[in-house]
Amino acid sequence: MVLCLARAIDFLHPAVSEHHLRVAYAASCVAEELGLSGVQIEDVLIAGALHDLAAVSSPAWAGLLEEALTQDLLSRTQIAQEVHRHGMQGYLMLRDCVPFAQAAHAIRFHHVDWDFGRGSEFGGIPVPLSSHILRLADRVAVLPGDSANVLAQVADMRAAVAAGRDRLFHPDVADAFDVISHKESFWLDLTSRHKERILMRRFGGATVPLDLEGLRALSRIFGKIIDYRSSFTATHSSGVAAASEGLATYLGLAPQQRGMIGVAGYLHDIGKLAVPPALLDKPGRLTAQEMFVIKQHPYYTHQILSAVPGLEQVNIWASLHHERLDGTGYPFRTRDIPLGARIIAVADVFTAISEDRPYRRGMTRAECLAILDKQVCDGALDGDIVSILRREFDEIQQIRNLSQQIAIA
Ligand SMILES: [Fe+2]
Ligand SMILES: [Fe+2]
Ligand SMILES: [Fe+2]
């Protein structure tokens with residue numbers, strides 16, 4: 001799941017292709033060469049796959065990130081400070097999610113230079129070796145250029161890293177890298193299009209299956225990343241997750257099913273990571289061209305989630321949220337819409353119209369129900385689910401509201 005989410009984050013930065021997957025690969029190879037344990041290698045892999053998640057989740061940082069990624073400008077103090085901030089933010093986003101607590105620590109300091117030993121701590125706090133592994137892997141990931149065969153660049157790239165030993169990079173980490181980077185296969189794997197498969201084959205033995213709570217915690221984080229990208233819908237995913245779980249409860253679904261529907265609620269718009277933030281936040285009407293771009297998002301939700309084993313059902317529920325019962329929805333134009341997907345569809349419309357947005361207040365109960373009823377009459381939404389919503393309106397409204405307030409905090 002982490003790897004496919006890394007791929008999803010990488011959608012955001014076509015300029016730095018596959019950055020997260022590359023860092024995950026390079027960092028885990030270095031960790032292995034350093035003799036770290038299986039669990040530690042797994043933490044490094046997760047940290048690499050998610051290390052810039054705070055930077056990519058904020059449109060304001062996109063420019064900064066690209067600059068930091070493509071040039072080594074970190075010595076300039078003001079940029080350096082900004083750069084450390086996204087490590088801190090990433091740490092804050094992940095630290096409470098137990099399976100990612102160690103990865104969170106690594107991410108916190110992933111831009112700290114070794115600086116002849118001064119980088120063994122930062123602001124009085126010890127910097128873990130895993131952060132220094134990320135520091136080097138982050139640099140290595142952006143070295144290969146597109147203009148020449150990667151193998152033709154190996155000597156220069158290795159020299160560039162060796163030149164940073166002690167100053168930028170922890171000497172042990174730099175030495176481990178020197179060993180692995182001697183192999184052509186390292187560079188071919190690093191630039192391969194099939195990195196998830198390569199990573200799973202090499203390090204997959206250490207995977208920990210997530211239980212429902214772990215999965216919920218992780219999907220909540222991804223809901224936040226999706227929502228952070230738009231000030232218009234800053235807590236939308238949390239609202240949809242809460243409202244759909246509420247509906248599932250009143251429909252009498254089993255706890256496991258309800259939990260998975262909540263996961264689908266958090267992830268339903270993950271395909272929006274492929275939509276530029278400027279479009280998501282565009283004031284006024286969208287042009288026809290822009291509409292086409294927006295309409296692709298449930299298709300990308302499907303693409304992203306279909307790479308995760310165990311999320312097949314969640315994927316169907318999540319990626320059919322813009323389908324209509326009469327078969328005229330998008331992108332699959334199917335009439336075959338399972339209950340979970342119908343619940344998400346109702347929760348999505350309900351949340352969109354009842355949540356407050358910067359440019360308008362949320363609608364009243366009467367206004368909400370009028371719109372939902374119309375969509376039932378038009379053949380879009382499921383009438384039985386909307387009836388449940390009418391019956392339990394105040395309760396579900398409260399659950400939704402509360403979850404969105406918590407998401408802001
Ligand atoms: Fe970073
Ligand atoms: Fe990075
Ligand atoms: Fe959507």
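1. Which protein donors hold the iron ion (ligand 1)? In this predicted model, they are Asp52 (OD), His86 (NE2), His110 (NE2) and His111 (NE2). Along the chain, their spacing reads D-x33-H-x23-H-H.

2. The geometry at the iron ion (ligand 1) is irregular, with angles of 82 to 178 degrees among the four donor atoms. Aspartate 52 sits in the loop between helix H3 (38-50) and helix H4 (53-56), and histidine 110 in the loop between helix H7 (101-108) and strand S1 (121-122), so the pair ties together parts that are 58 residues apart in sequence.

3. Aspartate 52 is buried, at 0% relative accessible area. Histidine 110 is buried as well, with a value of 0%.

4. Now the iron ion (ligand 3). Asp269 (OD), His297 (NE2), His321 (NE2) and His322 (NE2) coordinate it at 2.2 to 2.3 Å. The spacing of these donors is D-x27-H-x23-H-H. The site is irregular, and the angles among its four donor atoms run from 82 to 166 degrees.

5. Which parts of the chain does the pair of histidine 297 and histidine 322 tie together? Histidine 297 belongs to helix H18 (residues 297-305), while histidine 322 is in the loop between helix H19 (312-319) and helix H20 (339-354), so the linked parts are 25 residues apart in sequence.

6. Histidine 297 is buried, with 2% relative accessible area. Histidine 322 is partly exposed, at 21%. The cut-off for buried is under 20%, which is why histidine 322 does not count as buried.

Terms used
Residues are numbered from 1 along each chain as its sequence is written. Chains are lettered from A and ligands numbered from 1 in the order in which they are written. This is a predicted model: local features need pLDDT of at least 70, side-chain atom pairs count only at pLDDT 80 or more; totals for chains, interfaces and linings use all residues. Side-chain values use heavy atoms; hydrogens and water are left out. Donors are N, O and S atoms within 2.8 Å of the metal (3.2 Å for Na, K and Ca); water is not among the atoms, so sites may look incomplete. Four donors count as tetrahedral if all angles lie between 85 and 135 degrees; four count as square planar and six as octahedral if opposite donors are over 155 degrees apart and all others between 65 and 115; anything else is irregular. Helices (H or I, at least four residues) and strands (E, at least two) are DSSP runs, numbered from the N terminus. Buried means under 20% relative accessible area, exposed over 50%, partly exposed in between (1.4 Å probe, protein chains only).
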